[in-house]
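Me: I'd like to learn how to read a protein model step by step. Can you walk me through this one?

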Amino acid sequence: MSGADWRLIGSALAAIALIVLLITKLKLHPFLGLILGSGLLGLAAGMPTGKLIESFSDGVGSTVAGVGVLIALGAMLGKLLADSGGADQVVDTIMGRSGARRLPWAMTLVAVIIGLPMFFEIGLVMLIPVVLLAARRARVNVMLLGIPALAGLSVLHGLVPPHPGPLVAVDALKADLGLTLGLGLLVAIPTVIVAGPLFAKVAAGWVQVAPPPEPPARERTTDHRPSFTATLATVLLPVVLMMGKALADIVLAEGNPVRGALDFVGDPLVALLAAVLVGMVTLGRGAGLTRDRIGETLSSSLPPIAGILLIVGAGGGFKQTLVDAGVGETVTRLAEGAALSPIILGWLIAVAIRLATGSATVATISAAGIIGDLALGLPPAQAALLALAIGAGSVFFSHVNDAGFWLVKEYFGFTVGQTIRTWSVMETLISVVAIAIIYPLSLIL
């Protein structure tokens with residue numbers, strides 16, 4: 001490598017180290033940490049200050065424009081699902097039809113359905129009372145049901161749009177969202193099975209957790225709930241529309257009117273908007289909510305995601321600074337010289353940043369920015385798999401610098417050691433199983 005290459009690599013490492021220090025040691029908000037890290041990167045790489053500010057601003061703008069609206073619509077759909085009682089209806093229907101032996105698998109299915117439109121933290125808050133109640137009734141170790149619920153939520157959070165991490169990776173790598181969604185679900189199914197019900201049996205042997213005598217009561221926002229069929233159809237609507245677009249792009253020729261129609265309704269913005277509008281009727285009105293109450297639900301869904309949007313936007317600025325400074329081109333040349341697969345490289349970079357920062361979103365954004373140039377010219381399937389590989393790396397071994405680690409610890413009443421033996425190992429298993437599926441797929445597709 002030339003001296004300029006070493007300088008760029010050193011600048012990127014210094015910027016990432018600063019972000020890690022600010023977030024983990026000084027407890028600075030990741031939004032501010034990413035801004036300061038971008039500044040250090042640009043200055044250390046020799047970028048003119050005007051160009052540095054322009055790059056960061058352009059990255060923020062393009063990322064928020066490409067991802068921010070989708071995150072907002074996803075939050076609205078998730079809030080409708082919660083406030084209407086639709087989530088409770090899904091849980092009660094599936095759990096009511098499951099015997100004791102099938103409870104772990106039923107809990108996995110519940111977590112997957114609830115987790116599709118909801119962020120991890122919201123889904124976790126909703127499912128914890130269900131896990132404790134079901135474990136109490138079945139008189140089983142909480143781990144047998146808790147691990148499947150956590151696995152279902154975490155896999156979707158890392159691999160399946162419209163969650164922030166996968167959306168950011170797709171946007172940064174210019175991958176096809178519908179194709180990424182389809183492949184993400186393909187990878188997610190066996191990953192959830194291994195890290196959920198199967199690992200739960202092992203975790204239950206490591207950690208014995210008895211359910212509390214009185215489970216926390218869930219808040220009831222309405223006495224009347226939408227039907228299970230209407231709820232499920234609403235939740236799956238954007239998934240079906242986006243996958244329909246992906247299939248149409250593969251099967252139908254350009255100019256075909258059917259393909260044109262599916263391309264429109266399958267656009268992520270249109271698909272999620274359609275789901276929200278349909279949900280206002282099937283979930284909101286279906287639960288007997290008034291127009292004013294539906295409006296309040298939609299409005300209240302936005303403030304909690306403000307922090308996420310700011311982090312994603314600042315991460316986009318950091319990504320663009322990496323690109324404009326030339327770090328991506330340097331990494332591309334090094335990867336080509338080392339004959340290292342972009343899939344493996346993307347996963348390793350995301351793993352390293354995840355371990356350092358504790359943030360799956362920061363790991364996804366940074367890794368996608370560093371390796372973004374390698375995605376240029378890749379076939380659509382390869383670009384989608386690269387986005388998934390980065391998402392898989394971003395959930396590797398959650399530990400004490402991850403807010404999710406403490407969230408799980410407190411909700412389940414674990415010790416730190418128990419959290420590591422269950423939650424941390426499960427996250428690592430998700431990451432390893434996912435990349436073990438993604439890499440062979442990259443050799444076939």
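**Reading the model**

Reply: Buried means under 20% relative accessible area, exposed over 50%, and partly exposed in between, with a 1.4 Å probe and protein chains only. Before we go on, this is a predicted model, in which local features need pLDDT of at least 70 and side-chain atom pairs count only at pLDDT 80 or more, while totals for chains, interfaces and linings use all residues. Residues are numbered from 1 along each chain as its sequence is written, and side-chain values use heavy atoms, leaving out hydrogens and water.

Me: Where is Phe397 found?

Reply: Phe397 sits in the loop between helix H18 (380–393) and helix H19 (403–412). Its phi is positive, about 35 degrees, although Phe397 is not a glycine. Lys174 is another non-glycine with a positive phi, about 55 degrees. You'll find Lys174 in the loop between helix H8 (164–173) and H9.

Me: Is Lys174 buried or exposed?

Reply: Lys174 is exposed, because its relative accessible area is 64%.

Me: How many helices and strands are there in the protein?

Reply: Helices (H or I, at least four residues) and strands (E, at least two) are DSSP runs, numbered from the N terminus. Here you get 20 helices and 0 strands.

Me: How do I check the span of a helix?

Reply: The expected span is 1.5 Å times one less than the number of residues. Take helix H5 (residues 103–115): it has 13 residues and reaches 18 Å from its first C-alpha to its last, close to the 18 Å expected. H5 is also mostly covered, with 10 of its 13 residues buried. Among them are Leu103, Met107, Val110 and Ile114.

Me: What percentage of the residues in the protein is buried?

Reply: Of the 445 residues, 57% are buried.

Me: What is a nonpolar core?

Reply: It's a set of buried Ala, Val, Leu, Ile, Met, Phe, Trp, Tyr and Cys residues joined through side-chain atoms within 4.5 Å. The largest one here has 135 residues, and those with the most contacts inside it include Leu150, Met426 and Ile438. Helix H9 (residues 177–206) gives the largest share of this core, 12 residues.

Me: What does Leu150 touch?

Reply: Contact means heavy atoms within 4.5 Å. Not counting residues up to four places away in sequence, Leu150 touches Phe120, Leu124, Val408, Phe412, Trp423 and Met426. Leu150 lies in helix H7 (residues 142–159) and counts as buried, because its relative accessibility is 2%. Leu150 and Met426 are 276 residues apart in sequence but 8.6 Å apart in space, C-alpha to C-alpha.

Me: And what about a polar side chain?

Reply: A polar contact is a pair of N or O atoms within 3.5 Å; within protein, one must be able to donate a hydrogen and the other to accept it, and residues adjacent in sequence count only if both atoms are side-chain atoms. Look at Ser11 in helix H1 (residues 3–25): its side chain reaches the backbone oxygen of Ala44 at 3.3 Å. Ser11 counts as buried, because its relative accessibility is 3%.
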